[in-house]
Amino acid sequence: MSVKPPIWWYQSMDEYYARKKIKEDPEINNIFEDKPQELEEFTLWYIAYSSAYGSVGFTTAIYEWLTNGWDSIPKDRMRMIEYDPEGWKALSKAVFERDNYTCTYCGEIGGQLEVDHKRPWSRGGTDDMDNLTTACLRCNRQKHDKTVDEFMEWKKNKISGDE
Ligand SMILES: [Zn+2]
């Protein structure tokens, strides 16, 4: 466990899913029973791991952790960890201003906005302005690691499923 992401990075959207997944997994809760600090370390590692690998089986992740720990994350996929938080803040502001503080996906204006990678970061999307867009918290959680096309398709199915 030599390299650690900065604190701000843990507050990204992936944290929400990682913590939820971990909380609901009986195997994990078994392994880390009465070891809250190790559980937290695993959680932080899992966030980085799932960013590096995209959606992988949770069991695979546990196995990787038990064998190799932090070092099993490929270094070339760790760019987010090396990211400059001040730079990201400035970039976010530029994206929000360009998009008039409006969610690209539902048209909501203002509120809690986030920067979405149209092509997900975990799937090779870049931090270029062209790949960044404004999303409200709800849309961004729903989109997660889908591409824009996949998300639109998902939304369409969800709406027709609700009827
Ligand atoms: Zn939205």
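**Fold, cores and local features of the predicted chain**

Buried residues account for 18% of the 163 residues in the chain. The model is a predicted one. Its secondary structure amounts to 8 helices and 2 strands. Read from the N terminus, the elements follow the order α-α-α-α-α-α-β-β-α-α. Among contacts with a separation of 6 or more, 64% link residues 24 or more positions apart.

The average pLDDT is 80, and 78% of the residues score at least 70. Strand E2, residues 132-136, has the highest confidence, at a mean of 93. Helix H1, residues 7-10, has the lowest, at 48. The pLDDT is below 50 over residues 7-11, a stretch that has 7 contacts in the model beyond near neighbours in sequence. Where pLDDT is low, the predicted coordinates should not be read in detail.

The largest nonpolar core holds 9 residues. Its members are Ala 18, Phe 42, Trp 45, Tyr 46, Ile 47, Ala 48, Tyr 49, Ala 61 and Ile 73. Helix H4, which spans residues 36-53, contributes the most to this core, with 6 residues. A second core is separate and has 6 residues. Cys 103, Tyr 105, Cys 136 and Cys 139 are among them.

Tyr 49 belongs to the largest nonpolar core and lies in helix H4. Tyr 49 counts as buried because 22 C-beta neighbours fall inside 10 Å, where the cut-off is 20 or more. Leaving aside residues up to four places away in sequence, Tyr 49 touches Ala 61, Glu 64 and Ile 73. Two of these contacts, Ala 61 and Ile 73, are also members of the largest core. Trp 70 is 21 residues from Tyr 49 along the chain, and their C-alpha atoms are separated by 8.2 Å.

Helix H5 covers residues 58-68 and is hardly covered by the rest of the model: of its 11 residues, the buried count is 1. Gly 69 follows H5 and has a positive phi, near 60°.

Positive phi values also occur at residues other than glycine. One of these is Asp 34, with phi near 65°. Asp 34 sits in the loop between helix H3, residues 26-31, and H4. Asp 34 counts as exposed because it has 6 C-beta neighbours inside 10 Å, and 12 or fewer is the limit for that class. His 144 is another non-glycine residue with a positive phi, about 45°. The loop that holds His 144 runs between helix H7, residues 137-143, and helix H8, residues 148-162. With 17 C-beta neighbours inside 10 Å, His 144 is classed as partly exposed.

Helix H7 also contains Arg 141. Arg 141 is partly exposed, since 13 other C-beta atoms lie within 10 Å. Asp 116 stands 25 residues from Arg 141 along the chain, with 9.8 Å between the two C-alpha atoms.

Key. Residues are numbered from 1 along each chain as its sequence is written. This is a predicted model: local features need pLDDT of at least 70, side-chain atom pairs count only at pLDDT 80 or more; totals for chains, interfaces and linings use all residues. A nonpolar core is a set of buried Ala, Val, Leu, Ile, Met, Phe, Trp, Tyr and Cys residues joined through C-beta atoms within 7 Å. Helices (H or I, at least four residues) and strands (E, at least two) are DSSP runs, numbered from the N terminus. Two residues are in contact if their C-beta atoms, placed from the backbone, lie within 7 Å. pLDDT is the predictor's confidence in each residue, from 0 to 100.
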